[in-house]
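Okay, thanks for coming, everyone. Let me put the structure up, and then I'll walk you through it.

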Amino acid sequence: GRRMEGTEVRKARTESAFREVNERIAENAKRFDSGSTAFICECGDPQCTHRVEATLDEYEEVREDGATFMLAQGHGDGSIERVVDDRGRFMIVEKVHHAARALARRLDPRAPRA
């Protein structure tokens, strides 16, 4: 019911907050022209401290869609997302839970602002 929705949305908020941090990391990496960078896992656990090693190109691929996130192996949450790609060093998940997906897209730092 409604209460479950709260959990899903909270997880999406957490993931979106981690995504904001990774946007800063990517900006710095671009400035220093580093090939590969340690991003933070964008999972729904606010306590997660896992790092995800990825190239800037890989990171950009994930960011192309506001509903996809980059997670450490095994950090996906089947209640709100499904794995769309497994890169070995990390996996890419897509929000499928409708409220979580809508929120993730709304909070996308790259979404065109009206």
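**Cysteines, sheet and rings**

Let's start with Cys 41, which is buried at 1% relative accessibility; buried here means under 20% relative accessible area, exposed means over 50%, and partly exposed is in between, with a 1.4 Å probe and protein chains only. Before I go on, the housekeeping: this is a predicted model, where local features need pLDDT of at least 70 and side-chain atom pairs count only at pLDDT 80 or more, while totals for chains, interfaces and linings use all residues. Residues are numbered from 1 along each chain as its sequence is written, and side-chain values use heavy atoms, with hydrogens and water left out.

Cys 48 is in no disulfide either, and its nearest cysteine sulfur is that of Cys 43, at 3.8 Å. Cys 48 also counts as buried, at 12% relative accessibility.

Now the sheet. Three strands make an open, antiparallel sheet in the order 3-5-4. Helices (H or I, at least four residues) and strands (E, at least two) are DSSP runs numbered from the N terminus, and two strands pair if DSSP finds at least two bridges between them. Strand 3 (68-71) and strand 4 (81-86) are at the edges with a single partner strand each, so one side of each has no neighbour in the sheet. On average, neighbouring strands are turned by 35° against each other, direction ignored; the axes are lines fitted to C-alpha atoms, for helices over the stretch in contact, and angles run from 0 to 180 degrees between N-to-C directions.

Is strand 3 covered on one face or both? Both: Thr 68 and Met 70 are buried on one side, Phe 69 and Leu 71 on the other. Lying across strand 3 and strand 5 is helix 2 (residues 56-63), at about 140° to strand 3. Then there's Arg 63, whose charged end sits over the ring of Phe 69, 5.9 Å from its centre. The rule for that is NZ of Lys or CZ of Arg within 6 Å of the ring centre and within 35 degrees of the ring normal.

Okay, rings. We count one aromatic pair: rings of Phe, Tyr and Trp (its six-membered ring) pair with centres within 6.5 Å, and planes under 30 degrees apart are stacked, over 60 edge-to-face, and the rest tilted. Phe 39 and Tyr 59 have ring centres 4.4 Å apart and planes at 5°, so they're stacked. Phe 39 is in strand 1 (residues 36-40) and Tyr 59 in helix 2, so the pair ties together parts 20 residues apart in sequence. Phe 39 is buried at 0% relative accessible area, and Tyr 59 is buried at 0% as well.

Last stop, the loop between strand 3 and strand 4, where you'll find Gly 76. Gly 76 is partly exposed, at 38% relative accessibility. Setting aside neighbours within four places in sequence, Gly 76 is in contact (heavy atoms within 4.5 Å) with Leu 71, Glu 81 and Met 91. From Gly 76 to Val 93 is 7.0 Å, C-alpha to C-alpha, with the two 17 residues apart in sequence.

Methods:
Disulfide = S-S within 2.5 Å.
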